[in-house]
Amino acid sequence: MLFHKKEKALEGQLAGAKPEKPRKVRWSERREPSEAGLERFQDYLQTYSTNKDHPIKILCSFYKGKQKKLVETGFFLILQRSPIWIIPIATSNIINAATNPDAGSLEIILLNVMVALLFIMQNAGTNYLATVAFASVNRGIEGSLRNAMVRKLQQLSIMFHKEVQSGRLQSKIMRDVENVTELLNQIFRTLFFFVLDISVIIVITLRKSPMVFLFFLVVVPFAVLTMRAFKKPVREKNQEFRSEMENTQGAVAEMLEMIPVARAHGLQEVEISKMNTYLNRIVDRGYNLDLINALFGAVNWVVFQSFQMICLAFTAYLAVKGKISVGEVVLYQTYFTSLVGQISTLINIYPQISKGLESVKSIGDIMGNSHVEENNSIVPLGELKGAVKFVNVDFKYPDSDKNTLSDFTLDVKPGESIALVGESGAGKSTVLNLLIGFIPPVSGKILIDGINMVNLDINEYRHQIAVVPQNTILFSGTILDNIAYGLEHVTEKEVMEVIKDVGLEDMIEKLPDGIYTQLGEHGDKLSGGQRQRISIARALIRKPKIIVFDEATSALDSASEKKVQEATSNMMKNCTTFLVAHRLSTIRNADRIVAMRDGKIVEVGSYDELMEKKGYFYELKALQS
Ligand SMILES: Nc1ncnc2c1ncn2[C@@H]1O[C@H](COP(=O)(O)OP(=O)(O)OP(=O)(O)O)[C@@H](O)[C@H]1O
């Protein structure tokens with residue numbers, strides 16, 4: 001956008017910043033090219049549609065095209081892990097050499113120390129290389145998965161977005177993807193190490209002493225299960241504590257939201273005592289958790305050490321009987337610890353694995369959702385003229401048992417202004433939603449410049465219309481960013497013109513940064529009326545051929561509204577206007593007023609015609625005056 005350069009310069013001046021030195025591009029800045037992102041998006045859609053109930057298959061497909069990196073990661077992980085298997089062997093050899101000294105003992109000790117040191121040293125490098133290779137795969141999956149979800153959310157119908165809480169969608173994009181990344185990490189690292197360690201230990205033990213192998217086969221599962229039994233109460237208390245924390249988190253969020261309401265009604269103490277109940281419960285649960293952690297931690301330690309002593313007793317017995325060497329006693333002791341540790345870790349991460357698999361499924365609520373807005377693009381629209389024709393349109397919301405709109409027929413010429421009036425729930429916003437293409441008619445058709453809307457490229461159409469919604473939506477950015485939202489070529493003069501049209505020039509002049517003033521989140525620093533005017537300016541600057549106002553001036557006082565109307569009337573001569581307003585004086589200048597009741601058109605005519613007719617519109621007007 002033309003203004004961005006200037007804005008950056010302005011920021012630089014304010015901060016007194018020096019020009020930055022060229023620097024190396026970091027991983028986080030290496031963006032996936034958009035075609036690759038699109039290809040990956042298609043892959044994810046395909047995966048989620050064909051493997052709906054198979055999270056493991058979905059998970060495997062995330063690695064598509066990354067096999068080379070995975071092999072590289074595996075190679076470095078094996079090297080990284082190798083000291084764990086080599087050190088006990090070297091230690092065993094050294095102890096054997098030391099306990100049975102002869103002429104070659106010192107050489108054996110030196111050689112084993114050197115080999116062990118070599119394996120230890122390489123760990124630093126291979127650990128780093130494994131992490132780099134693995135992180136690039138996993139972070140890549142994390143990024144492209146979020147990217148695909150964002151793309152899909154932009155495609156899902158407005159009805160879907162109205163029905164699903166935005167908080168749930170946010171949690172899917174952030175928390176669920178995080179769980180999946182964690183799962184990928186766990187699966188690859190923990191499972192890989194588990195399989196490697198167990199295989200190496202089995203092979204070495206089987207070759208050296210089948211008797212010790214049999215002992216491991218019986219005692220290791222027994223040790224793991226006993227330790228697990230003692231851990232169960234700790235896990236349960238942990239879960240209770242976690243769920244209490246989650247409840248409290250929800251309550252804190254609600255309390256923060258309610259602060260203005262509570263303050264306005266003098267209910268601070270009620271809120272404090274409500275929160276105290278939650279906070280006290282956390283204290284109790286936390287205290288119980290600490291006690292049980294300490295108690296069972298100690299019991300667990302005792303069980304583990306006892307089993308180690310059993311293992312030591314058994315291998316020492318074999319050594320006394322001359323079946324194994326003293327060094328091998330140490331070797332098997334280390335392997336025993338490693339086996340018990342590995343199996344326990346695997347069991348402990350099981351909840352994390354099942355949480356991750358749940359998240360893989362939960363992401364499917366977005367990726368596998370079929371409520372996508374249809375865009376047939378059969379007939380090119382070209383330059384929009386603004387003719388709109390509703391022909392016998394019926395509409396029914398999916399969960400509703402009766403039609404919201406019935407037999408709605410209206411022929412609107414280019415440049416005409418139409419006001420929709422009627423009681424709350426009459427169906428006015430539904431007509432506007434149909435016109436924008438947010439919802440399709442159940443029967444009947446809508447023609448835009450004579451073309452059935454279902455055959456249009458809906459994006460091409462929407463680029464030529466503008467909508468001022470009931471609830472003004474601003475984003476954190478400058479006033480300029482908010483007005484020129486999505487437009488690439490806008491001049492300062494054009495922005496200032498629309499600002500003048502909506503009567504915001506006085507306010508902007510008083511701001512030290514003018515149109516470059518940063519708005520807070522959702523434009524919180526502005527009044528309702530100011531926000532609405534920015535929203536109108538955003539629509540006007542697009543020079544649309546059809547403009548839709550849904551209660552767009554409700555937050556303005558009558559004088560401001562009149563000013564906005566006068567200023568925008570010139571511009572609106574060139575475009576078809578659809579307007580919904582509860583304040584009936586607002587629609588006085590509309591070419592035609594369409595009065596609606598229960599989803600049907602009751603009357604159509606100019607303001608004077610309808611007032612003269614003394615019908616439904618006249619009654620509505622009388623109620624307001
Ligand atoms: N997503 C939805 N699902 C089911 N019913 C809906 C949905 N949105 C609106 N309705 C129903 O459709 C009817 C028409 O709603 P609409 O919002 O079009 O009325 P309106 O005339 O614009 O009302 P208001 O002036 O209060 O904005 C109402 O009865 C409403 O309850």
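In which strand does Ile-448 lie? Ile-448 belongs to strand E4, where strands (E, at least two residues) and helices (H or I, at least four) are DSSP runs numbered from the N terminus.

## Model and confidence

This is a predicted model, in which local features need pLDDT of at least 70 and side-chain atom pairs count only at pLDDT 80 or more, while totals for chains, interfaces and linings use all residues. Residues are numbered from 1 along each chain as its sequence is written.

The mean pLDDT (the predictor's confidence in each residue, from 0 to 100) of the protein chain is 85, and 92% of its residues reach 70 or more. Over residues 1-32, however, pLDDT stays under 50, and where pLDDT is low, the predicted coordinates should not be read in detail. For the complex, the predictor gives an ipTM of 0.95 and a pTM of 0.75.

## Overall form and domains

The protein chain contains 20 helices and 12 strands. Its radius of gyration, taken over C-alpha atoms, is 35 Å, well over the 25 Å that the globule rule (2.2 Å times the number of residues to the power 0.38) gives for 625 residues, so the chain is more spread out than a compact globule. Along the principal axes, the C-alpha atoms of the chain fill a box of roughly 120 × 55 × 50 Å.

The domain assignment, which is automatic or from a database, gives domain 1 (34-207 + 352-370), domain 2 (210-323) and domain 3 (388-624). The centres of domain 1 and domain 2, taken over C-alpha atoms, are separated by 26 Å.

## The sheet around strand E4

An open sheet of 4 strands, with antiparallel pairing, has the order E2-E1-E4-E5; two strands pair if DSSP finds at least two bridges between them. Strand E2 (405-412) and strand E5 (451-452) stand at the edges with a single partner strand each, so one side of each is left without a neighbour in the sheet. Helix H12 (residues 428-436) packs on the sheet and touches E1, E2 and strand E4 (443-448).

Strand E1 (residues 388-395) runs antiparallel to E2 and is joined to it by 5 bridges, and the bridge partner of Phe-395 in E2 is Leu-405.

## The setting of Ile-448

Ile-448 is buried (20 or more other C-beta atoms within 10 Å of its own, with C-beta atoms placed from the backbone), because 25 such atoms lie within that distance. Leaving aside neighbours within four places in sequence, Ile-448 is in contact (C-beta atoms, placed from the backbone, within 7 Å) with Val-388, Met-453, Leu-456 and Tyr-461.

Notes
Two residues are in contact if their C-beta atoms, placed from the backbone, lie within 7 Å. Axes are lines fitted to C-alpha atoms, for helices over the stretch in contact, and angles run from 0 to 180 degrees between N-to-C directions. A residue is buried if 20 or more other C-beta atoms lie within 10 Å of its own, exposed if 12 or fewer, and partly exposed in between; C-beta atoms are placed from the backbone.
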